[in-house]
Amino acid sequence: MEKKSILIVEDDKYIINFISIALKKEGYGYYVAKSVEEALSLFYANQPDLIILDLGLPDGDGMEVIKSVRALSDIPMIVVSARQEEQEKIQSLDAGADDYVTKPFHMGELMARIRVGLRKLNRVRTEERQTIFQTGELMVDYEKRIVTISGNEVHLTPIEYKILLLLIANRGKVLTHNYIIREIWGYAEEIDAGNL
Ligand code: CA
C-alpha cells in the first residue's frame, strides 16, 4: 500500500511538532502549511490524502481552506481548533469538513479520526474506479461513454452500447436472443432472431 500523505495546516509550532511526530510514527507522509495561502498552494501541488487544519491562521480563516478545497475535492478534512463554540463547529462541517477535534486533544483520538477519514477516502476512490470497466483489451468508461479496444476508441450506436453494457452486467452468463431483446428494446413477445 502506498504511503498516505497528510497536509497539516497550523501556525502553532508546538502543535505542528506534536502532530508531525505522531504522523511520522504511524507511517504517514506530511506537509506543513502555516497560512491559508500556503495551505492552498500545497494542496494543489501535492494532492494530499487528508487535511488536518486549524481555523485561526495568520492570513485568514481555515474556513476559507475548507471551502476552496471542498469545491475541488472529496478528500477528508479534520478541523483541529481551540474554538469551542458550537457555531464554529457547525459552520466548519457545513463548509465541508468531515470532523472536528477541539484543542487540547489526545493524539490517540486524532489518529483514530485520521484512520476513519482515510477509510472514507478509500470508499470514495473505489466508487470512482467503478465508473470504468476493463477486461482484457476492452475498456468501457461509463461516465464518458467511451469504449476502447487496445486503447483505440470504438464507435458504437446507442443500441450497440446498451447491448455491450448488458453483456458486461451479465458477464459469465449465456444470454438468449429473447432476453437481450426484452432488455434492450423492451419487447415482451418472442421475436425470431433470424429476422433482426
Ligand atoms: Ca492558530
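Start by selecting Ile19, Leu23, Ile51, Ile52, Ile66, Leu110 and Ile114, the residues with the most contacts inside the largest nonpolar core, which has 41 residues. A nonpolar core here is a set of buried Ala, Val, Leu, Ile, Met, Phe, Trp, Tyr and Cys residues joined through side-chain atoms within 4.5 Å; buried means under 20% relative accessible area, exposed over 50%, partly exposed in between (1.4 Å probe, protein chains only).

The model is predicted: local features need pLDDT of at least 70 and side-chain atom pairs pLDDT 80 or more, while totals for chains, interfaces and linings use all residues. Residues are numbered from 1 along each chain as its sequence is written, and side-chain values use heavy atoms, leaving out hydrogens and water.

Next, show Ile19 with its contacts (heavy atoms within 4.5 Å). Beyond neighbours within four places in sequence, these are Ile8, Ile52, Phe105, Met107, Leu110 and Met111. A second, separate core of seven residues includes Phe133, Val140, Leu164 and Ile168.

Now select the rings of Phe18 and Phe105. Their centres are 5.9 Å apart and their planes at 50 degrees, so the pair is tilted. Rings of Phe, Tyr and Trp (its six-membered ring) pair if their centres lie within 6.5 Å; planes under 30 degrees apart are stacked, over 60 edge-to-face, and the rest tilted. Phe18 is partly exposed at 32% relative accessible area, whereas Phe105 is buried at 12%.

Finish at Ala33, buried with a relative accessible area of 0%. Not counting residues up to four places away in sequence, Ala33 touches Leu7, Ile8, Val9, Glu10, Glu38, Ala39 and Leu42.
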